[in-house]
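These are my notebook entries on a structure that I consulted entry by entry. I begin with the terms and then turn to what I looked up.

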Amino acid sequence: MPAILIIDDEPGIRQTLSSILEDEKYKVFSSENALAGIEILKREIIDLVFLDVLLPKMGGIEALEKIKKEWPLTEVTMISGHANIDMAVKAVKLGAFDFLEKPLSLEKTLTVCRNALVIKKLREENKTLKKINRFACEDIIGTNMIMQDIRDMVKQAAESDARILITGENGTGKEIIARAIHQCSARADNPFIDVNCAAIPETLIESELFGHEKGAFTDAVSNRKGRFELAHNGTLFLDEIGDMSLSAQAKVLRVIQEQKFERIGGEKTIDTDVRIIAATNQDLEKACEEGRFRQDLFFRLNVIPIHVPPLRERPEDISILLFHFLKQFNRELTLQPHALDELLIHDWPGNVRELKNLAERIAVMHPEKMINREDLGKLLFKKKIKHENSTEIELKSEIPEKTLIESISNHNFNEAKEIFEKCFLEFHLFKNNGIISKTAEAIGIYPSNLHAKLRKHNISANPKT
């Protein structure tokens, strides 16, 4: 139902217009001055404003400028009993849809109202289409038929608030798809809040999601908003939701059902309007069978399922993605004959994320403008890492054959940290014979966090000897 705001200091005009518009089944708000009207605009989603020119405190023309600046998609029709051509021209130049003279004609007022709402809807659709075309074409890369289907699903899913479950291996681009859906939707101008459920300890996940009040627990030294509250009117992306505790799952289910929650330690009920997109690399149906995931929550989340294929199942996209990433790193590169073969036989356990890492490695370590199969082989090679007990394990190298510090010195901080973390985890996992609990204790983190980090880096808990 379209919402209309009437701002006029004459009670008779407000009452008459409200009655006419309510009879047409519009939702109507009214105020006697522009300042009060602006407060209504802050609270409500208004489609059309009827704005008087001569108002106390803030004039109609000044109010028009403010409304079009802060709510550009809201249409404004000016009304005045003292209109002149110059004033009407100025109002239209500032963005007014039309200019009506008092006394208002019932027929003309309703015609202007309908036309303004049609124009607003067309502008919103045009804005959404531009976003869809931009994000669907530029961010989701690939000519593979499945990827084309995913782009179509993004366009369709973006038009609704239906919940979405994105599945696929680590590094396939699940977050990119979630962000594209958000950016293509009517919520695009509101927050996109992401939560990595695997990276937050079980004891803290509920505080992260729902927030807490001061004194709710030992470290709660002040009030804190949770992710649901921060994502109000926007999108909440629950990444690696398969790692969420059963207790947190129950509370998320309640928020989905009731669209309200309380902070930990709080009594006030907070309403929330969020679109939920979840992602996982796990088989949630199997997790439901094993009692690790609530079946009712799975069905709530799995309204629109999107499965992202691993890179090894879309080899035709490898070269396209490689050149796309090289362009991001300001590199031009020519592949010599058969160089692509080296990329095609690689199984890409890290998927698109691994390919992006390779592109950055090429940009840093291969200054020539042409690369052959042998060069790519060196950059993708497997190497032996010898540990202090002289036993060797085999792993994919994320860095060239140098000391660790030398190898990561040319990377940015985040990339260097990722490389170090992987090597650090592999070393301690090997040292503790692949036993998760012992490894977690040795490096000072929770076993659940260690599991998450191993999945993140595609590290097997059984290193080769």
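I take two strands as paired if DSSP finds at least two bridges between them. Strands (E, at least two residues) and helices (H or I, at least four) are DSSP runs, numbered from the N terminus.

I note that this is a predicted model, in which local features need pLDDT of at least 70 and side-chain atom pairs count only at pLDDT 80 or more, while totals for chains, interfaces and linings use all residues. Residues are numbered from 1 along each chain as its sequence is written, and side-chain values use heavy atoms, without hydrogens and water.

I found an open sheet of five strands, ordered 2-1-3-4-5, with parallel pairing. Strand 2 (27–31) and strand 5 are at the edges with a single partner strand each, so one side of each lacks a neighbour in the sheet. I then looked up strand 1 (residues 3–7), which four bridges join to strand 3 (residues 48–52). Ile 6 has Phe 50 in strand 3 as its bridge partner.

Entry on Pro 103. I located Pro 103 in the loop between strand 5 (98–101) and helix 5 (106–138). Pro 103 is exposed, at a relative accessible area of 76%; exposed means over 50%, buried under 20% and partly exposed in between (1.4 Å probe, protein chains only).

Entry on helix 13. I listed the buried residues of helix 13 (residues 318–328), among them Ile 318, Leu 322 and Phe 325. The buried residues of helix 13 pack against helix 14 (339–344) and helix 15 (351–365), where contact means heavy atoms within 4.5 Å.
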